[in-house]
Amino acid sequence: MAIKLTKNELRIQKDNLKQFERYLPTLQLKKQQLQTVITQVAGELEMTEKSRINMIGDLDDWVAVFAENRLFEPSKKLSNLVQPDKVICDEDNIAGVRIPVFRELSFKDIEYNVSDYPLWVDTAVIKLREIARLDALANTLRKQVALLEKELRSTAQRVNLFEKVKIPETKENIRVIGIYLGDQQTAAVVRGKIAKKKLQGE
């Protein structure tokens, strides 16, 4: 973009440089904060997924008895006893990003006749509910990571724009205008001296 080679433009460019250099550390801090939080959330997600896998692994002992599920009539399948209702989340603000924060997973209140099921069903229902809760928590954490990573990309682009484009470009504009104005001032002094000599020579 062409710039005006004037004192007024020089002042504007210097003001812009101050603004860019004041804003850049804030952006860099935000970028650093987002990176830290993403690392923390990714770690929490990994632990949640491991817990879920371990919980499923614990159910291996039940595989044989779970096979009985096929023998139940359709209205009495285990899946009918564990039905998530809704994921309850709060909202938090991390570095200007609104993210969901998992609170709990509610389940539909399903009553069943104990005499219709084998003894292990109560324990199985508890374990299946916990697996569903871990699923819901993991999904919420994935949403957090996605939202934070999106903001990190945007912030990193802004940091790059200021560091690699705006600040160097503005410094160069100041340099070019400074040289031009310096040359103009030198030329004016020379013209003044020449005019003075002419006047003295007359």
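Which residues is valine 41 in contact with, leaving aside its neighbours within four places in sequence? Leu141, Gln144, Val145 and Leu148 are the residues in contact with valine 41 once those neighbours are set aside. Contact means heavy atoms within 4.5 Å.

This is a predicted model, in which local features need pLDDT of at least 70, side-chain atom pairs count only at pLDDT 80 or more, and totals for chains, interfaces and linings use all residues. Residues are numbered from 1 along each chain as its sequence is written, and side-chain values use heavy atoms, with hydrogens and water left out.

**View 1. Confidence along the chain.**
The predictor's confidence in each residue is its pLDDT, on a scale from 0 to 100. The protein chain has a mean pLDDT of 87. Of its residues, 91% reach 70 or more. Among the elements, strand 2 has the highest mean, 95. Helix 2 (residues 63-66) has the lowest, 56. Where pLDDT is low, the predicted coordinates should not be read in detail. Helices (H or I, at least four residues) and strands (E, at least two) are DSSP runs, numbered from the N terminus.

**View 2. The largest nonpolar core.**
A nonpolar core is a set of buried Ala, Val, Leu, Ile, Met, Phe, Trp, Tyr and Cys residues joined through side-chain atoms within 4.5 Å. Buried means under 20% relative accessible area, exposed over 50%, and partly exposed in between (1.4 Å probe, protein chains only). The largest core has 28 residues. Those with the most contacts inside it include Val41 and Leu148, a pair that is itself in contact. Leu34, Leu81, Ile94, Leu105 and Val121 are also among them. Helix 1, helix 3 (78-81), strand 2 and helix 4 each give two or more residues to this core. Helix 4 gives the most, with 11 residues. A second, separate core of 11 residues includes Leu17, Val159, Ile167 and Ile177. In soluble globular proteins, nonpolar side chains tend to be buried together.

Rings of Phe, Tyr and Trp (its six-membered ring) pair if their centres lie within 6.5 Å; planes under 30 degrees apart count as stacked, over 60 as edge-to-face and the rest as tilted. The count by this rule is two aromatic pairs. The ring centres of phenylalanine 20 and phenylalanine 162 lie 5.3 Å apart with planes at 85°, so this pair is edge-to-face. Phenylalanine 20 sits in helix 1 (residues 7-58) and phenylalanine 162 in helix 4 (residues 121-201), so the pair ties together parts 142 residues apart in sequence. Both of these phenylalanines are buried. Tyrosine 23 and phenylalanine 162 also pair edge-to-face, at 5.4 Å centre to centre and 70° between the planes. This pair links helix 1 to helix 4 across 139 residues. Tyrosine 23 counts as partly exposed because its relative accessibility is 40%. Phenylalanine 162, at 10%, counts as buried. Phe20, Tyr23 and Phe162 form one aromatic cluster.

**View 3. The hairpin of strand 1 and strand 2.**
Two strands pair if DSSP finds at least two bridges between them. Strand 1 and strand 2 pair in the antiparallel sense over 10 bridges. Two residues lie between the strands of this hairpin, where alanine 95 takes a positive phi near 50°. Isoleucine 88 stands opposite glutamate 104 in strand 2. Eight of the 11 residues of strand 2 are buried, so this strand is largely enclosed by the rest of the structure. Serine 106 is found in strand 2. Serine 106 counts as buried because its relative accessibility is 16%. Leaving aside neighbours within four places in sequence, serine 106 is in contact with Pro84, Asp85, Lys86 and Ile88.

A salt bridge is a side-chain nitrogen of Lys or Arg within 4 Å of a carboxyl oxygen of Asp or Glu. By this rule there are 10 salt bridges. The side chains of arginine 103 and aspartate 90 meet in one of them, at 2.4 Å, N to O. Arginine 103 lies in strand 2 (residues 97-107) and aspartate 90 in strand 1 (residues 84-94), so the pair ties together parts 13 residues apart in sequence. Arginine 103 is partly exposed at 48%, and aspartate 90 is partly exposed at 37%. In helix 1, lysine 50 and glutamate 46 are four residues apart, about one turn of the helix. Their salt bridge is 3.5 Å, N to O. In helix 4, arginine 133 and glutamate 130 are three residues apart, again about one turn of the helix. Their salt bridge is 3.0 Å, N to O.
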